[in-house]
Amino acid sequence: MFEQNMFDTERLHLRPFERDELTAFTDMATDLEVQKYFFEGSSVSLVNIQFFFDCVVSKNHEYDLNFAITLKASGQIIGYIRLCTLFGNILIIEYIIKNEFRGKKYAQEALKAVLDYVKKFKPNISTLYFKVHNENIASLRVLEKLGAKKILIDQTYFELSLAV
């Protein structure tokens, strides 16, 4: 199920992005719902998306892991997930699921696998925080089903804490 930098669930394969997948990433990032919740409600230019994607591809290392969420059956990219380690024992997780794939429990499936991944490969992590827009009710529900507790950070974002 796991290799150090990729893993599978029943329906999904999580792996690093490849440089030639900018178009698939751009399709996700230009979705208005994604921009509303992930890019803090602002319209994002193609230049900024390119820069963000370059960071996603080049920053895969011990403290900043970025994964494409793909369907096992077709290989189609349906989302993105980032794990960012702070102070050696805190992990911040943020994710995107493409609009047409929401409501199918892919986020829950991917996040559950990420929790298992963290337990196996990052035993020093004691707390997880999920960066979630406070109006993204679907994501809040997904994370609460995983046992996360809501902590208000500011008026725009909640972080959901989950002890590992």
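In this predicted model, helix α5 (residues 137-145) has four buried residues: Ser 139, Leu 140, Val 142 and Leu 143. Their directions from the axis span an arc of only 160°, so they sit on the same side of α5. The other side of α5 carries exposed residues: Ala 138, Arg 141 and Lys 145. Just past the end of α5, Gly 147 adopts a positive phi of about 100°.

Ala 107 belongs to helix α4 (residues 106-121). Is Ala 107 buried or exposed? Its relative accessibility is 11%, and buried means under 20%, so Ala 107 counts as buried. Leaving aside residues up to four places away in sequence, Ala 107 touches Tyr 95, Ile 97 and Val 142. Val 142 is one of the buried residues of α5. Ala 138, on the exposed side of α5, is 31 residues from Ala 107 in sequence. The C-alpha to C-alpha separation of Ala 107 and Ala 138 is 9.8 Å.

**Helix α1**

Helix α1 (residues 22-29) buries Phe 25, Thr 26, Met 28 and Ala 29. These residues cover an arc of only 160° around the axis, which places them on the same side of α1. What do the buried residues of α1 pack against? Their partners are α2 (32-37), α3 (46-58), β5 and β6 (90-97).

**Strand β4**

Strand β4 (residues 64-71) has eight of its eight residues buried, so the rest of the structure largely encloses β4. Asp 64, Asn 66, Ala 68 and Thr 70 point one way from the strand. Leu 65, Phe 67, Ile 69 and Leu 71 point the other way. Both sets are buried.

β4 pairs with β3 and with β5, as tabulated here.

| Partner of β4 | Residues of partner | Sense | Bridges |
|---|---|---|---|
| β3 | residues 12-15 | antiparallel | four bridges |
| β5 | residues 77-86 | antiparallel | seven bridges |

Arg 15 has Ala 68 of β4 as its bridge partner. Phe 67 stands opposite Ile 81 in β5. Ala 68 and Phe 67 point opposite ways from β4, and both are buried.

How many residues lie between the strands in the hairpin of β4 and β5? There are five. In this hairpin, Gly 75 takes a positive phi near 80°. β5 also takes part in packing elsewhere: the buried residues of α1 pack against it.

Key. Residues numbered from 1 in each chain as written. Predicted model: local features only at pLDDT ≥ 70, side-chain atom pairs only at ≥ 80, totals over all residues. Heavy atoms only, no water. Buried < 20%, exposed > 50% of the residue type's maximum accessible area, 1.4 Å probe, protein only. Helix = DSSP H or I, 4+ residues; strand = E, 2+ residues; numbered from the N terminus. Pairing = 2+ DSSP bridges. Arc of directions from axis to C-beta. Contact = heavy atoms within 4.5 Å.
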